[in-house]
Amino acid sequence: MADQELVFDNGPLCHFAREGWLGILRTVVGTRTAVVPDTVVDELRAGAQGRPHVQLVLDAPWLHHRSLVSETELEAFTQFASLLVARGRNVGESGVLAYAKANGAVAVIDDGPARKIARASGISHIGTLGLLCEALRESQLTVELISTVADHLLEGEYRLPFQAGGFAKWAHDQGLIPPAG
């Protein structure tokens, strides 16, 4: 997975930016290409007014905006939109999955329904916590730093599968990191 493109949904990008941790995502991406499909860019632009952290995401030079234009991408988008889009929501996730499927990229998604569809469709995907744990295993980040980031994300009402202070135990219980010691 080290050389594959990572294609991001807006949730991780916006929450990390709002809490002042967008640079952590850049560090975790490393030499991989970070892609934001046009469906996500459109969602970001729609929500940028009066929200400077969203503009930071839009302006980040390491996030490469890509339009879904190939027949394969557009067919995949139609397929995923039919499964995910409701009341105008989840268009971005549909674009992330379409881009990942058509281009062999890794979808960076945290929303349960999109992750379930990725699994069922054989799309490589990872959540932001998985990316952070990957960086921990590669000695890019420490448990303490990730715990701080996770706690800040929780303060910003990002949904994570543990409470404040619970990252290390959760990651160990999931087999994502070795036990402390």
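Buried here means under 20% relative accessible area, exposed means over 50%, and partly exposed is anything in between (1.4 Å probe, protein chains only). The model is predicted, so local features need pLDDT of at least 70 and side-chain atom pairs count only at pLDDT 80 or more, while totals for chains, interfaces and linings use all residues. Residues are numbered from 1 along each chain as its sequence is written, and side-chain values use heavy atoms, with hydrogens and water left out.

**View 1. Helix α1 is largely enclosed by the rest of the structure.** Helices (H or I, at least four residues) and strands (E, at least two) are DSSP runs, numbered from the N terminus. The buried set is Asn-10, Gly-11, Pro-12, Leu-13, Cys-14, His-15, Phe-16 and Ala-17. After α1 comes Gly-20, with a positive phi near 85 degrees.

**View 2. The largest pocket has a volume of about 1,000 Å³.** Some grid bookkeeping: on a 1 Å grid over the protein atoms alone, a pocket is an open set of points where a 1.4 Å probe fits, with protein on both sides within 12 Å along at least five of seven lines, and lining residues have an atom within 4 Å of a point. Points are joined across faces, edges and corners, and the volume is the space filled by probe spheres set on them. There are 38 lining residues, and Gly-11, Glu-93, Asp-111, Tyr-158 and Arg-159 lie nearest the pocket centre. Helix α1 gives the most to this lining, with 6 residues.

**View 3. Glu-93, in helix α6 (residues 91–103), is buried yet has no salt bridge.** A salt bridge takes a side-chain nitrogen of Lys or Arg within 4 Å of a carboxyl oxygen of Asp or Glu. Lys and Arg count as positive, Asp and Glu as negative, and His and the chain ends are not counted. What is the nearest side chain of opposite charge to Glu-93? That would be Arg-89, 6.7 Å away. Setting aside residues up to four places away in sequence, Glu-93 touches Asp-9, Leu-84, Asp-111 and Ala-114 (contact: heavy atoms within 4.5 Å).

View 4. Arg-32 and Glu-134 pair at 3.0 Å, N to O. Arg-32 sits in the loop between α2 (22–29) and β2 (34–37) and Glu-134 in helix α8, so this bridge ties together parts 102 residues apart in sequence. Both Arg-32 and Glu-134 are buried. Arg-18 and Glu-19 meet at 3.5 Å, N to O; Arg-18 is partly exposed at 38% relative accessible area, and Glu-19 is partly exposed at 22%. Lys-169 and Asp-173 have their closest N and O atoms 2.6 Å apart, and both lie in helix α10 (residues 167–173), about one turn from each other.

**View 5. Phe-167 is among the residues with the most contacts inside the largest nonpolar core.** Such a core is a set of buried Ala, Val, Leu, Ile, Met, Phe, Trp, Tyr and Cys residues joined through side-chain atoms within 4.5 Å. This one has 63 residues, with Phe-8 and Leu-97 also at the top for contacts. Helix α8 (residues 128–137) gives the most to the core, with 6 residues. Leaving aside neighbours within four places in sequence, Phe-167 is in contact with residues including Leu-129, Cys-133, Ile-146 and Ser-147. Ser-147, in helix α9 (residues 143–155), is buried at 17% relative accessible area.
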